[in-house]
Amino acid sequence: MSQSTLQTAIKEELLSRIKRGYYEEGKKFPTEYVLCEEFDVSRTTVRGALNQLTLEGYLIRQQGRGTFVAGKKVRQTLSHTPNNYAAQLAVQGKRGEVSLIQLSVVSATDVLTEVFPVKEQAPIQKIERIRHADGEPTQYEISYIPWSIAPGITKEQAEHSLFDTLSKVFNIQVAKTTESLEIVLADESISSHLKCPINAPCFYIETVTEDQEGRIIEYSRSYFRGDKTNFVIERSYR
């Protein structure tokens with residue numbers, strides 16, 4: 001068996017143990033020496049497996065202290081009946097918070113006029129936010145809502161669910177979202193907002209939201225820390 005195959009097998013076994021709770025969250029992880037003895041492989045092979053688990057956010061290395069099991073990732077559910085962020089985290093035993101970076105009105109660019117049925121230079125509300133789980137940043141989001149759809153969104157409203165605001169304040173019911181998911185590497189701006197290294201892998205989602213009349217009412221670009229987030233996709237075939 002090649003070194004790369006062994007490394008993958010060891011990584012998958014250790015990951016399985018972490019997910020099953022064999023290694024407890026926050027506890028010190030076995031040393032390279034202990035793992036070398038257990039799996040009867042070289043330190044290079046074990047180190048490669050641990051590096052991968054650290055990169056993926058399952059382990060945390062603390063200089064001078066050793067390696068520890070990271071906390072559970074924030075689970076984001078993509079389903080036909082999505083809950084708001086705070087509700088999704090509450091069922092996971094985590095505290096969800098939204099902090100507003102900037103709330104401004106910008107003129108519609110060529111890109112935005114391709115998304116929204118508005119003229120160039122039409123006023124668009126731009127809402128930049130960071131979502132936190134237990135105080136840690138996990139998602140950086142930029143949302144756009146035309147002024148004609150929901151004029152004058154306030155700071156207080158932007159720090160809570162925008163969909164709730166559209167429903168309760170502007171009587172606009174969200175009927176459909178179309179989401180595009182890919183992997184990107186954090187640039188300097190994303191790194192700064194999410195407190196992650198430059199070039200760290202992140203989930204990137206573009207979302208287009210429609211109301212019951214088929215109008216596009218919101219467009220967003222969201223970046224999720226890859227080491228702090230995983231996604232569950234629910235489909236119903238009933």
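The following legends describe close-up views of a predicted model.

Local features are reported where pLDDT is at least 70, side-chain atom pairs where it is 80 or more, and totals for chains, interfaces and linings draw on all residues. Residue numbers run from 1 along each chain as its sequence is written, and side-chain values rest on heavy atoms, with hydrogens and water left out.

**View 1. The largest nonpolar core of the model comprises 20 residues.** A nonpolar core is a set of buried Ala, Val, Leu, Ile, Met, Phe, Trp, Tyr and Cys residues joined through side-chain atoms within 4.5 Å; buried denotes under 20% relative accessible area, exposed over 50%, and partly exposed the range in between (1.4 Å probe, protein chains only). L112, F116, Y144, L194 and Y223 have the most contacts inside this core. At least two of its residues come from each of α5 (110–115), β5 (123–133), β6 (136–146), α8 (188–194), β8 (201–211) and β9 (216–225). Strand β6 gives the most, with 3 residues. Helices (H or I, at least four residues) and strands (E, at least two) are DSSP runs numbered from the N terminus. In soluble globular proteins, nonpolar side chains tend to be buried together.

**View 2. The surroundings of Y144 are shown with its contacts.** With residues up to four places away in sequence not counted, Y144 touches L112, F116, I124, Q125, K126, I217, E218, Y219 and R221. Contact means heavy atoms within 4.5 Å.

**View 3. A second, separate core contains 16 residues.** Its members include Y23, V41, A49 and Y58.

**View 4. Aromatic pairs in the model number 5.** Rings of Phe, Tyr and Trp (its six-membered ring) pair if their centres lie within 6.5 Å; planes under 30 degrees apart count as stacked, over 60 as edge-to-face and the rest as tilted. The Y23 and F29 ring centres are 4.6 Å apart with planes at 65°, so this pair is edge-to-face. Y23 is buried at 10% relative accessibility, and F29 is buried with a relative accessible area of 4%. Y140 and Y223 are stacked, at 6.1 Å centre to centre and 20° between the planes. This pair links Y140 in strand β6 to Y223 in strand β9, 83 residues apart. Y22, Y23 and F29 form one aromatic cluster.

**View 5. Residues 79–83 have pLDDT under 50.** The model has 4 contacts beyond four places in sequence for this segment. pLDDT is the predictor's confidence in each residue, from 0 to 100. The protein averages 85, and 90% of the residues score at least 70. Where pLDDT is low, the predicted coordinates should not be read in detail.
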